Amino acid sequence: MSDKGIANAARAPQQAQLQLQTEPPAQTQAPALACRALSVGYGRRTVLEGVSLDLAAGSWTAIVGPNGSGKSTLLRALAGLLPLRRGMVSLQGRALGSWSRRERARRLAWLAQSSGATNLTASEVVGLGRFAHSGWLAHRKSEDDAAMRRAMLATGSLSWAARRLSTLSGGERQRVYLARVLAVEAPVLLLDEPTTHLDPPHQEDIARLLRSQARLGGVCVLSAIHDLSMALTADRLIVLGSDGLVGHGTIREALDGDWLSAAFRTRVSIVEHAGVYLWRPALEAPSL
Amino acid sequence: MSAPPASLGLGAPGVESRVSSPMLLWLAGCLAITMLLTGASLIVGTSSIGTSVGWLLAPDAQGSVILWQIRLPRTVGAWFAGALLGLAGAVAQGVFRNRLADPYLLGTASGAALGVTISLLAADTSIAGLAWMGKIGITGAACIGACAAIALTIMLSRGVLQTANLLLAGIVVAFLLSAVTSLLLLTKPEIWRAMQVFLLGSTGYLSWTSATLLGIVFCVCIVPAALLARGLDALSLGEDTAQSLGLSLPMLRLTLLGVLSLATATAVGQVGIVGFVGLVAPHLVRETVTVNHRQLLIGAPLCGGALLQAADLVSRWIIRPAELPVGAVTACVGGAYLVFLLWRRSRDE
Amino acid sequence: MFGGTRWAAVLALGIVWICGAQAARAGGVNVQRDDLQRDVAFEREPKRIITLLPSLTETVCALGACDRLVATDRYSQWPPQVGLLPKAGGLDDAEVELIVALKPDLVLLSRSQRIGNRLAELGITSFALQTDRFSDIAHTVTTIGAILGLSREAAQLNETIAASVHEIGAQALDRRHGSRPTVYFEVDRAPYAAGAASFIGELLARLGARNIVGADLGAFPKLNPEYVVRNNPDVIFISRADAPGLAERPGWDQIRAVKEGRVCSIAPDVNDEIVRPGPRVADGMRAIGECLSRLSP
């Protein structure tokens, strides 16, 4: 099967669901991921201060903002990879620190913006996603195998399972990393620039994948995306500006409040076309 | 390694695993080469008397002393020392995520050299020093010196959490201890020759005691290393990613650095400072077979053992009955291999 | 009257002739060739001498010219009076400033000491002498004697040395009733051995011992330890520090010398005498010979 074929196969069942839903599903329990009065920084520099967010299961939230506004920092703080100056993060109702390392790893999967150079095969990388489940000895049960297979099918990377990462192109490698994250089968997914290196058709596939994870899988997906059009296909937005959090809410709320223009400090014009929101670059002279 | 290959994380689900058979071939090959080298070591010695198979099977009294008390423990000890160095090199390259890491990057070589210098000086200067030296010997002094250097490095870098700090501290400690060694040598230049022998490595006096010690330490080191190998795989994806997968980085680093220290200190104590084995063995394994760290941490010791065995053989044979320092042989071979790598790189560009 | 003047004239002429002859001889320049193949000219006998090697110090003193020394290297310990002289550094790090300040007529050093060039630039005469082998001792003594104008003393010293060496050798052989034991002389624990081609090897040969390391292996070869086991020497010479560990070396407890306790351990100061050939060679040889005769089977 070529990967085009896999992609087509993955695309078909979701075709029916490709309408815009601006309302996230109702929250009936504790938010999947939340933070209160979060304050983080590096060294002397404080990047974010006093941020409070609720992220529900079954929705896809995109973080947008100019460079240096703290998208990656927020993600890392929520993943527990950055020590907090102040505030707390809770995962499925409990404080992040109260989960054991293994439990946390099973419930929260993280995709880094750039991964280290490695010479493992694709299937081994994806297999590492099952680390929290299968442990040090890598004794794989059938559910591990099944999870890996599902993940690789969904990202269209099954055909190069036995190839070493160094022999793959940037886009192919990115899909292997995504498969690794999906293989964890965690209820919370944190992704830093998941569509890096991918060409537009594959970016679409990933967007579709994230939506179906959220809608069908009930996963809480949070991703930092710098491509505005891609970000606008999510359910909710977190908009960060150079002064901190500008707003957090549905796309509609974001557009009504013109959060994007405030965050980027310049006129950002969004248009709706055929049920999809698009960013229209202003090629004439600018500003507020 | 009794579990079937699938449980080692090899091969994708549903995809034929082609990786395990090269590894098995490699293991078989290494073992075969080791057997061959052991046999050759029994035959090669100081003169032509030992080369006939008949002598090998039915040696006279002196011949059997030479065979079983000198040649066999020497080659077995050399194998274990090489295996320890190969393992330490593979662990160092994994923990520091740098293909050019070798076992001595925490300052162990300089520490061992300083230990030996102090013990030689003490023996020459006073009777008390002589008695103390007699008790622990050069091997003990080298081992203690190596461990002291590692402790100093970890203290300087304030813990094992930051690999960059560790590397830097290792370099500083190496320079510092080398300088102290040089200063001490100036006071008594006569021990230079003994120091040179140590610095270039020597397998000459490996007895059954040494070989057994090396063997025990090898078993103690390889078990935790093989168990933690998957953690190194995760670490190769990045520290954040590894942490998010549920890996405890401090525990991993501490344990593996402990393995590295024990393996290197023991090997250096017994055979002196033998370079390149720890660097080249993991490279050779990576070139020919492997991918993941479990294979590497098992293949590298096997390769290292065979390498040092071969080097010991060459050092004894080439100018017999005189002997080359084994470190000089490994330096030549290792250097040639690195030159070959460079050439291949430039050819590929 | 005329007869008295004639005799006075002849006497005066005679005196003038003798003085002239002396003057003529003193005015002739003494040229010696050193071991770096340089021809060094001495217009006068050197009166202020600095030596940078213990064996050269000992040679100068053995010729009776100890009072001409103004400084030595820091390792020169014999004869005791040189201990009072200023020390001009070690074998590789001689102090140039001190040497220049003392204004010597001559600096005696070995071939490998690089300070010779530096001194030449500063206008100080230096003379290189290398004493590695037994035969070099006589050559060094003769040359230094020629430089210092003590050629007669030099010839005497050489004779004395040769005679005592010969006598010690004969005595040693005699005491052992003519037996010639096999010997292994270890210079370093690696093991580095003193072969038949080394100075120590020559001393052992003169004592009538047979070296298990032949001349074909070089002066100080690094051996395979197995070689010693195989050749099973009767007597082993080893430094005091390494002697206790002999039996622990694998297979060495089978060696005759180790089994029967025929091991001569050499103290560090005796080691100095043996390792650096000089006029006290007979003393070093006596020390080895005594032990050899005592422990010989």
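This passage describes a predicted model, chain by chain and contact by contact.

Confidence in chain A comes first. The mean pLDDT of chain A is 83. Of its residues, 88% reach 70 or more. Confidence is lowest in helix H1(A), residues 3-14, with a mean of 43. It is highest in strand E7(A), residues 188-192, with a mean of 94. Over residues 1-27 of chain A, pLDDT stays under 50. For that stretch the model has 29 contacts beyond four places in sequence.

One residue of chain A was examined in detail. Gly241(A) is found in strand E9(A), which covers residues 236-241. Is Gly241(A) buried or partly exposed? Gly241(A) has 19 other C-beta atoms within 10 Å. A buried residue needs 20 or more, so Gly241(A) counts as partly exposed. Leaving out residues up to four places away in sequence, Gly241(A) touches Gly65(A), Ser69(A), Val246(A), Ala262(A) and Ala263(A). Ala263(A) lies 22 residues from Gly241(A) along the chain. The C-alpha atoms of these two residues are separated by 4.1 Å.

In chain B, Ala142(B) is found in helix H5(B). Ala142(B) has 30 C-beta neighbours inside 10 Å, so it counts as buried. Beyond four places in sequence, the contacts of Ala142(B) are Ala112(B), Gly115(B), Val116(B), Val268(B) and Gly269(B). The C-alpha atom of Ala142(B) is separated by 9.6 Å from that of Ala267(B). Along the chain, these two residues are 125 residues apart.

Helix H7(B) also has buried residues. They are Ala194(B), Val197(B), Phe198(B) and Leu200(B). These residues pack against helices H4(B) and H14(B). They also pack against strand E7(C), residues 182-188 of chain C. Gly201(B) follows H7(B) and has a positive phi, near 80°.

Next comes the interface between chains B and C. Here 24 residues of chain B are in contact with 22 residues of chain C. Four elements of chain B each give two or more residues to this side: helices H3 (61-95), H4 (108-125), H5 (127-156) and H7 (192-200). Which helix gives the largest share of the side of chain B that touches chain C? H3(B) does, with 6 residues. By class, this side of chain B has 11 nonpolar, 8 polar and 5 charged residues.

Chain C has 11 helices and 11 strands. Its radius of gyration is 25 Å. The globule rule gives 19 Å for 297 residues, so chain C is more spread out than a compact globule. The C-alpha trace of chain C spans about 95 × 50 × 35 Å along its principal axes. Of the 297 residues of chain C, 44% count as buried. Contacts between residues at least 6 apart in sequence were also examined. In chain C, 54% of these join residues at least 24 apart.

Strand E1(C), residues 30-33, runs antiparallel to strand E2(C), residues 39-42. The two are joined by 4 bridges. In this pairing, Arg33(C) stands opposite Asp39(C). Between the two strands are 5 residues. Gln37(C), in the turn, has a positive phi of about 60°.

Strands of a sheet pair through backbone hydrogen bonds, either parallel or antiparallel. How many bridges pair E5(C) with E6(C)? Strand E5(C), residues 106-109, pairs with E6(C) over 3 bridges, in the parallel sense. The bridge partner of Leu109(C) is Ala128(C) in E6(C).

Definitions and conventions. Residues numbered from 1 in each chain as written. Chains lettered and ligands numbered in written order. Predicted model: local features only at pLDDT ≥ 70, side-chain atom pairs only at ≥ 80, totals over all residues. Contact = placed C-beta atoms within 7 Å. Nonpolar A, V, L, I, M, F, W, Y, C, P; charged D, E, K, R; others polar. Rg over C-alpha atoms; globule rule 2.2 N^0.38 Å. Buried ≥ 20, exposed ≤ 12 C-beta atoms within 10 Å, placed from the backbone. Pairing = 2+ DSSP bridges. pLDDT = per-residue confidence, 0-100.
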